[in-house]
Amino acid sequence: MVSSLYNEALSSLESGGIEDASFEADVIFEEVFGRDFKLKLLTGQLDRKETEAEAMSIHTMLHRRLSGEPLQYIVGRWDFYRSEFSVGEGVLIPRQDTETLVESAYKLVKDIPSPKIIDLCSGTGCIAITLSELLPDSEVHAVEFYDDAYSYLEKNIAEHGNCVIPHKLDVLDESSAGQFTGFDLITCNPPYLTSEDMQGLQKEVTHEPETALYGGNDGLDFYRAIPTIWKSSLSPGGYIAFEIGASQGEAVKSILKSAGYQDVRIIRDLCGKDRTVIAKIF
């Protein structure tokens, strides 16, 4: 019976040390039986024996999850802000933490007519695409260097029917920044994990690309480089907004001040942790 298969799957996930086993079991079964799986189960619409194909799909996903593969990669998509983004091997999974960056960035430019925005280290494009949807009159560009991530950037732009302009460039190359001028806002969720952080990653996170995670020995390599390299891409009065690790606020604030930025502020997320640093160039 489908209900028995569900209970077996839930038990397997719990035994495998999956933290939110009930939620993950629901997501896996929704992939096979539809988004209304739980309702169908409760109302008796699935009071039957699962088919061989259904059982095979469930067992395959369970095996992948219990081997440590992220649930997001298994289902091939994940929610961010008010939308859904395609994800898979080679691209960083969108996280709720990054919504703080989006909300902060939106507030900075919402009153600017037709703002020009560029998102660096864009990955799935979740930041760029969300800002484009929140600001319909904006011009939004997204920069990503790595092939796998860039393919997801292009895919998500297409799936959202979005007008974000993708660029396959290295954000640490001065010639890349030299192609862009007159922007009101730069956003970036750079790699910011330290060497120590990388040694203690959860098993699931080790499946994500190291290039999207590792920010150098102290995690600050990209924060040191980007404000200087990309400063000339901003219009006078333009802003830069970074996502940061919870312990990096003061260090990033100091870097931005040293690079000539003013009105540098740290913004906390809903959990009260430092999550975003914003600054202005005059």
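In which sense do strand 3 and strand 4 pair, and over how many bridges? They pair in the parallel sense, over five bridges.

1. **Ground rules.** This is a predicted model, in which local features need pLDDT of at least 70 and side-chain atom pairs count only at pLDDT 80 or more, while totals for chains, interfaces and linings use all residues. Residues are numbered from 1 along each chain as its sequence is written, and side-chain values use heavy atoms, with hydrogens and water left out.

2. Helices (H or I, at least four residues) and strands (E, at least two) are DSSP runs, numbered from the N terminus. Two strands pair if DSSP finds at least two bridges between them. Strand 4 is mostly covered, with five of its six residues buried. Buried here means under 20% relative accessible area, exposed means over 50%, and partly exposed is in between (1.4 Å probe, protein chains only).

3. Axes are lines fitted to C-alpha atoms, for helices over the stretch in contact, and angles run from 0 to 180 degrees between N-to-C directions. Contact means heavy atoms within 4.5 Å.

4. Leaving aside neighbours within four places in sequence, T276 is in contact with T100, L101, S104, F242, E243, I244, R265, I266 and I267. The C-alpha atoms of T276 and G249 are separated by 7.6 Å, and these residues are 27 apart along the chain.

5. **A residue in a loop.** D97 is found in the loop between strand 2 and helix 6 (98-109). At 31% relative accessibility, D97 counts as partly exposed. Beyond neighbours within four places in sequence, D97 is in contact with E243, D269 and R275. The C-alpha atoms of D97 and G68, 29 residues apart along the chain, are separated by 22 Å.

6. **The hairpin.** Strand 1 (residues 77-80) and strand 2 (residues 83-86) pair in the antiparallel sense over four bridges. W78 has F85 as its bridge partner in strand 2. The two strands form a hairpin with two residues between them, and Y81 in the turn has a positive phi of about 55°.

7. **Helix 2 against helix 4.** Two packed helices are described by the angle between their axes and the distance between the axes. For helix 2 (residues 21-33) and helix 4 (residues 52-66), the axes come within 10 Å and cross at roughly 145°. In this contact, E24, I28, F29, E31, V32 and F33 of helix 2 meet E54, S57, I58, M61, L62 and R65 of helix 4.

8. **Aromatic pairs.** A search of the whole structure finds twelve aromatic pairs. Rings of Phe, Tyr and Trp (its six-membered ring) pair if their centres lie within 6.5 Å; planes under 30 degrees apart count as stacked, over 60 as edge-to-face and the rest as tilted. Y6 and F29 form an edge-to-face pair, 5.2 Å centre to centre with 80° between the planes. This pair links distant parts of the chain, with Y6 in helix 1 (residues 2-15) and F29 in helix 2, 23 residues apart. F33 and F37 form a tilted pair at 5.8 Å centre to centre, with 35° between the planes. Both Y6 and F29 are buried, and both F33 and F37 are buried. Ring pairs link Y6, F29, F33 and F37 into a cluster.
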